[in-house]
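Dear colleague,

Please find below the structure that I am handing over to you. My findings follow directly after it.

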Amino acid sequence: MTLPPTVTPRAFERLAEIGAANQGKALRVAVEGGGCSGFQYDISLDDPAEGDLVLEGAGEKVVVDEVSLPFLTNATIDFSEELIGARFVIDNPNATAACGCGTSFSI
């Protein structure tokens, strides 16, 4: 069974803090070829598009395109604030290896 990614309340709260919905934007999580491990995440504020999976919470939206969705099965989209900086992070159980920066992975 294929499970869609989930979004933590902390990630939705951060989107609300930056006013994504007020700007008519959603957090787009996409997977692209490249990166030091084979695939990389592309995380940006974008307009929802036809065919996107839309995940909603706290009045905010996270969208994933049809091509990226299989790579994000059962993944968790979160927001992390650490000494090195604050960023959206993906906990992806499908990744067999990841680079140190956490932005690329292999399957």
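F39 is partly exposed, with a relative accessible area of 25%; partly exposed denotes the range between buried (under 20% relative accessible area) and exposed (over 50%), computed with a 1.4 Å probe on protein chains only. F71 is likewise partly exposed, at 24%. The model is a predicted one, in which local features need pLDDT of at least 70 and side-chain atom pairs count only at pLDDT 80 or more, while totals for chains, interfaces and linings use all residues. Residues are numbered from 1 along each chain as its sequence is written, and side-chain values use heavy atoms, with hydrogens and water left out.

Two aromatic pairs were found in a search of the whole structure; rings of Phe, Tyr and Trp (its six-membered ring) pair if their centres lie within 6.5 Å, and planes under 30 degrees apart count as stacked, over 60 as edge-to-face and the rest as tilted. F39 and F71 form a tilted pair, 4.8 Å centre to centre with 45° between the planes. Because F39 lies in strand β3 (residues 39-46) and F71 in the loop between β5 and β6, this pair ties together parts that are 32 residues apart in sequence. F79 and F88 form an edge-to-face pair, with 5.0 Å centre to centre and 65° between the planes. Both F79 and F88 are buried.

As to the overall fold, the protein chain has one helix and nine strands, in the order β-α-β-β-β-β-β-β-β-β along the sequence. Helices (H or I, at least four residues) and strands (E, at least two) are DSSP runs, numbered from the N terminus. Of the 107 residues, 37% count as buried.

Helix α1 (residues 9-17) has A11, F12 and L15 as its buried residues. These cover an arc of only 100° around the axis, which puts them on the same side of α1; the arc is that of the directions from the helix axis to the C-beta atoms. The face turned away from the buried side carries the exposed residues P9 and E17. Just after α1, G19 takes a positive phi of about 70°.

Yours sincerely
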